[in-house]
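Trainee: I'd like to learn how to read a few features off a model. Can we walk through one together?

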Amino acid sequence: MEPYSLSLFDSPAPRDTEPEAKRRKGKLTLVRPLSYVVIDIETTGLDVARSAIIEIGAIHVRNGTVSDRFQTFLTPEPYQSLSPFITSLTGITDSDLVGAPTFREILPRLRDFLGGYTLVGHNVNFDINFLYDRFYRETGEYLNNPYLDTKKLAKTVVPGLYHYSLEALCEYFGIAGNHHRAVDDCELTEKVLDKLWRLKTQQG
């Protein structure tokens, strides 16, 4: 997920989960594996301690083909009504979240889907930090999959662009699609990754 402007939200609250400096996350890679999982989340804000995940999307990619999809809305924890900004940005409304499961309820299915695969995302640290803290809070386990950030990759493959948001890269590569919904952003990220990797291969 591409984070929103920090100015739109209050100052971050002190963390009640593992401090960011001590997170035992996996290692960053700029190599595209044969099989991986593209992830994206939608949240109520930026801060891991006070904001809530409201949607998780993920797709399995094997040998360049999307082989499976994962999508779920989540009950916000801590519970909070969605701001007009978030609803406008994502199209998600409070009514979409009525009866949605909690993170704990979807955790076994999500854990199985992510497995030990490399996690791919655009500005993926944002998504991983939220998921990492939720995994740690519920189970004491570390989400330490290796990860590939298409934003970082883009800066090495196509340097000098004015913006490196997912929307900007989609425009640069002529990729059409819906933005700011989890699975849609996963599929756009995969298309951007494919373009970037082809360019990287050509560049040697």
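Trainee: Where does R23 lie relative to β1?

Mentor: Keep in mind that this is a predicted model. R23 sits in the segment before β1, and that strand covers 35–43.

Trainee: Is R23 buried or exposed?

Mentor: The general idea is to check relative accessible area, where under 20% means buried. R23 comes in at 9%, so R23 is buried. Its side chain also has a partner: a polar contact of 2.8 Å links R23 to the side chain of D133.

Trainee: And P33, is that one buried, exposed or partly exposed?

Mentor: P33 also belongs to the segment before β1. Its relative accessibility is 23%, so P33 goes down as partly exposed. Look across to V61 too: 28 residues separate P33 and V61 in sequence, while their C-alpha atoms are 9.5 Å apart in space.

Trainee: Now helices. At what angle do α6 and α7 pack?

Mentor: For a pair of helices, start with the angle and the axis distance. Helix α6 (residues 166–173) packs on helix α7 (residues 182–203) at about 55°, and the axes are 10 Å apart. That makes the two oblique to each other, and α6 passes α7 in a left-handed crossing.

Trainee: Which residues of α6 meet α7?

Mentor: From α6 you have L166, L169, C170 and F173. On the α7 side they meet D185, L188, T189, V192, K195, L196 and L199. Sorted by class, this contact has 8 nonpolar, 1 polar and 2 charged residues.

Notes:
Residues numbered from 1 in each chain as written. Predicted model: local features only at pLDDT ≥ 70, side-chain atom pairs only at ≥ 80, totals over all residues. Heavy atoms only, no water. Helix = DSSP H or I, 4+ residues; strand = E, 2+ residues; numbered from the N terminus. Buried < 20%, exposed > 50% of the residue type's maximum accessible area, 1.4 Å probe, protein only. Polar contact = N/O pair within 3.5 Å; in protein donor to acceptor, adjacent residues only side chain to side chain. Axes fitted to C-alpha atoms, helices over the stretch in contact; angles between N-to-C directions. Parallel < 35°, antiparallel > 145°, perpendicular 65-115°, else oblique. Left-handed = near helix turned anticlockwise from the far one by under 90°. Contact = heavy atoms within 4.5 Å. Nonpolar A, V, L, I, M, F, W, Y, C, P; charged D, E, K, R; others polar.
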